[in-house]
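Subject: Structure for you to look at

Hello,

Here is the structure I said I would pass on. Please open it first and keep it beside you while you read my notes.

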Amino acid sequence: MRRPPGLSVRLKLTLSYAGFLAVAGALLLAVVWAYLLRYVPDNSQGLLGISPNRYLLVHTFAPAAAAAMGFLLVFGLVGGWILAGRMLAPLTRITAAARTAGTGSLSHRIRMEGRRDEFRELADTFDTMLEQLEAHVAEQQRFAANASHELRTPLAISRTLLDVARKDPTRDRAELIERLDAVNTRAIGLTDALLVLSRGDRGHFARERVDLSLLAEEAAETLLPLAEQRRITLDVTGGAARTSGSPELLLRMVTNLVQNAVVHNLPADGTVVVHTEERDGVSVLRVENTGHPLPPDLVPTLTEPFQRGTARVRTDEHAGVGLGLAIVHSVVRAHDGTLDLTPRPAGGLAVTVRLPGALPSPER
């Protein structure tokens, strides 16, 4: 990479060191002149007839002073160039690592050793940034690959159905339309989920005062027919839990949690409890459900996109795309909250969302 015209930092530091030494030497000579030579008599006899006069001292001292100034200047240039190179060596390593990262290779690390000075802190910060960037890029690549795979499946099914219908004109059209409608509905649901997930990750939305208890009641009312169909008892308890955020995204978060608790439950006679409260300035939403015991190593993966777990995949009309808890996690993170997933000893899952409480409204 060609450097633009201009002095390099190393050359600027070198000139600064040399200039400092030259100025210091000039000041020293000025002090000698001001406080020594001016007290020497300027006559032919000198001081008491035995000491040299000012004229002789100046002509004797001036060449030596000029030589000393020249030495200081050369010493400042050479020493400054060496010192500047040693001081800027860590910066050269950081620049090389940044240039490597600019080519797309994010696995390189500086790992600078030595005392913890400003350059060491800069190198450690750069390494941390590279680690986070590499993890983010890998996550985005994995998400794009999974999303492409998930979107390709309904399109491939639609194409197969159309090919079969084209080859067999006598096939029942009502059945074909019904199956195409189901596949299309699933594709639309997946696309909507991806859009919500993307919106939550960006965090670009208007914030309003929202009561999580009202959202919990609305989600429970919407999903009550599904719970009754599966013979699941759905209860909403607690009190107001006010926070600040996007009503649409927070409603989607609560709905996903309740739907997930209803669908992934016991075959019959299960329960889902949705509880809201305010505690120490934090709004808390807790969703608990009964169900089969979950392996502890499976729980941390449930918030990853398209991770359903082999025991949690359903084949009925409410089969998910593996984005329910991923959307919840994205919305919670966009609202500066925390999400805790805890397997219940008796089976099922307890999900706790903690969001910052809303500031009190100014009195009018």
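Strands S2 and S4 run parallel and are joined by seven bridges. Helices (H or I, at least four residues) and strands (E, at least two) are DSSP runs, numbered from the N terminus, and two strands count as paired if DSSP finds at least two bridges between them. In this pair, Thr233 has Thr271 in S4 as its bridge partner.

The model is a predicted one, in which local features need pLDDT of at least 70 and side-chain atom pairs count only at pLDDT 80 or more, while totals for chains, interfaces and linings use all residues. Residues are numbered from 1 along each chain as its sequence is written, and side-chain values use heavy atoms, with hydrogens and water left out.

The sheet

S2 and S4 belong to an open sheet of five strands, ordered S2-S4-S5-S7-S6, with mixed pairing. Its edge strands are S2 (232-238) and S6 (338-343), each of which pairs on one side only. On average, neighbouring strands are turned by 10° against each other, direction ignored.

From S4 the sheet continues to S5, and these two pair in the antiparallel sense over eight bridges. Glu278 stands opposite Ser283 in S5. S4 and S5 form a hairpin with two residues between them, and Asp280 in the turn has a positive phi of about 55°.

S5 also pairs with S7 (residues 349-356), again antiparallel and over eight bridges. Here Val284 is opposite Arg354 in S7. S7 and S6 run antiparallel and are joined by six bridges, with Leu339 opposite Val353 in S7. The hairpin of S6 and S7 has five residues between the strands, and its Gly347 takes a positive phi near 115°.

Helices on the sheet

Which strands does helix H5 touch? H5 (residues 212-229) packs on the sheet and is in contact (heavy atoms within 4.5 Å) with S2, S4 (270-279), S5 and S7. The direction of H5 makes about 170° with that of S2; axes are lines fitted to C-alpha atoms, for helices over the stretch in contact, and angles run from 0 to 180 degrees between N-to-C directions. Helix H7 (residues 324-334) lies across S6 and S7, at about 145° to S6.

Cavities

A search of the whole structure gives two cavities of 30 Å³ or more. A cavity is a set of points, on a 1 Å grid over the protein atoms alone, where a 1.4 Å probe fits but cannot get out, and lining residues have an atom within 4 Å of a point. Grid points are joined across faces, edges and corners, and a volume is the space filled by probe spheres set on the points.

The second largest cavity holds about 40 Å³ of space. Its lining is made of Leu257, Asn260, Ala261, Val287, Asn289, Leu349 and Val351. Helix H6 (247-263), S5 and S7 each give two or more residues to this lining, and H6 gives the most, with three.

Confidence

The protein has a mean pLDDT (the predictor's confidence in each residue, from 0 to 100) of 80, and 82% of its residues reach 70 or more. Confidence is highest in S5 (residues 282-289), at a mean of 96, and lowest in helix H4 (residues 173-202), at 75. Over residues 309-319 the pLDDT is below 50, and this stretch has 18 contacts in the model beyond near neighbours in sequence. Where pLDDT is low, predicted coordinates should not be read in detail.

Regards

Note on methods. On a 1 Å grid over the protein atoms alone, a cavity is a set of points where a 1.4 Å probe fits but cannot get out, and a pocket is an open set with protein on both sides within 12 Å along at least five of seven lines; lining residues have an atom within 4 Å of a point.
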